[in-house]
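Hello,

Here is the structure you were waiting for. My notes follow below it.

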Amino acid sequence: MAGRVLVVGSFNQDHVWTCAALPIGGQTVSGSYATGPGGKGFNQAIAARRAGAETVFVAALGTDPPADLACELAQRDGLELRAERVAAPTGCAAVVVDAEGRNQIVVAPGANALLTTAFIAAQDDALRHAAVLLTQLEIDRGAVRAALAAARARGVRTILNPAPADANLDCSLLGLADIVTPNETEFCALLSATGGPALRPEALIEIDDAELHALCRSVSAAIVVITLGAAGCFVSLQSVDADGRQYFRVAGLPADAIDTTGAGDAFNGALAAALAGPLADDFGQAVAFANRYAARSTEKAGAALAMPFLTPQPS
């Protein structure tokens with residue numbers, strides 16, 4: 001029987017401008033505007049739900065129209081929303097997307113920064129029925145720690161998506177994660193935070209696999225999955241798997257990409273869903289499914305609403 005995914009994270013109202021090319025400093029460009037739901041936590045929760053997992057989303061919301069939207073969309077998708085209502089505006093983000101699907105994002109955390117450890121502790125009933133807990137860094141760090149520690153105590157598999165990138169990351173959070181899922185920029189920030197070498201994010205694609213595996217092992221004792229955008233992802237395991245691999249790359253898949261906003265969230269949500277379901281014992285296939293799901297998510301504009309409906313299949 002498939003298990004439940006518990007996502008602890010952020011909800012943001014996204015304000016999205018689309019233009020031919022991303023503006024440089026001091027430049028004004030013309031474009032089109034749209035608004036919709038986002039936030040790494042909500043994106044990942046919607047992805048996990050649409051990827052076939054029963055999903056609970058724990059977040060902090062204000063008492064404003066964006067909070068009402070979060071409740072409405074969660075209900076529509078069959079996502080169980082557990083919201084701590086706080087005296088702050090619901091989080092929001094400004095997103096600029098160019099004609100090639102590349103983006104720039106500025107986030108105002110608002111209510112997300114006020115999610116409390118007490119509210120996390122009150123979700124123990126959800127943890128008792130969870131197979132996987134997934135969290136990120138767009139909420140209060142104390143809440144992140146509380147969620148990971150509570151899941152670890154319950155024997156629930158834990159995924160930490162260390163996003164957005166932060167060179168001042170509390171590295172002790174890594175010790176509470178079974179799986180760590182940075183993108184290129186976030187992995188370089190982890191290297192910096194753990195005293196590793198300074199690397200350019202774009203250089204990771206070219207690094208020898210054995211060297212990149214060694215860097216992953218220096219960052220965390222957990223399984224490390226580095227998402228590499230169109231180049232797919234790199235997986236560094238703690239030990240040799242059934243196929244005799246301790247590290248491997250999963251190639252990027254062809255996609256008619258129009259918007260990469262939320263692609264990393266799509267990957268994380270789909271990975272959590274796969275590990276809570278039929279691919280729980282086949283990490284390689286779970287990653288392959290998440291990679292495929294993330295590619296599909298780029299073919300539609302938006303963040304949470306761009307997440308495709310796709311169920312993982314056992315190999």
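The lining of the largest pocket splits into 18 nonpolar, 19 polar and 8 charged residues. Nonpolar here means Ala, Val, Leu, Ile, Met, Phe, Trp, Tyr, Cys and Pro; charged means Asp, Glu, Lys and Arg; the others, Gly among them, are polar.

Please note that this is a predicted model, where local features need pLDDT of at least 70, side-chain atom pairs count only at pLDDT 80 or more, and totals for chains, interfaces and linings use all residues. Residues are numbered from 1 along each chain as its sequence is written, and side-chain values use heavy atoms, with hydrogens and water left out.

The largest pocket holds about 1300 Å³ of space. (A pocket is an open set of points on a 1 Å grid over the protein atoms alone, where a 1.4 Å probe fits, with protein on both sides within 12 Å along at least five of seven lines; lining residues have an atom within 4 Å of a point. A volume is the space filled by probe spheres set on the points, which are joined across faces, edges and corners.) Its lining has 45 residues, with N103, N183, T260, A263 and G264 nearest the centre. Helix α8 (263–275) gives the most, 5 residues. (Helices are DSSP runs of H or I, at least four residues; strands are runs of E, at least two; both are numbered from the N terminus.)

The second largest pocket has about 230 Å³. Its lining has 16 residues. Strand β3 gives the most, with 4.

Last, a cis peptide bond joins A163 and P164, with omega about 0°. P164 sits in the loop between β9 (157–160) and β10 (179–180).

Best wishes
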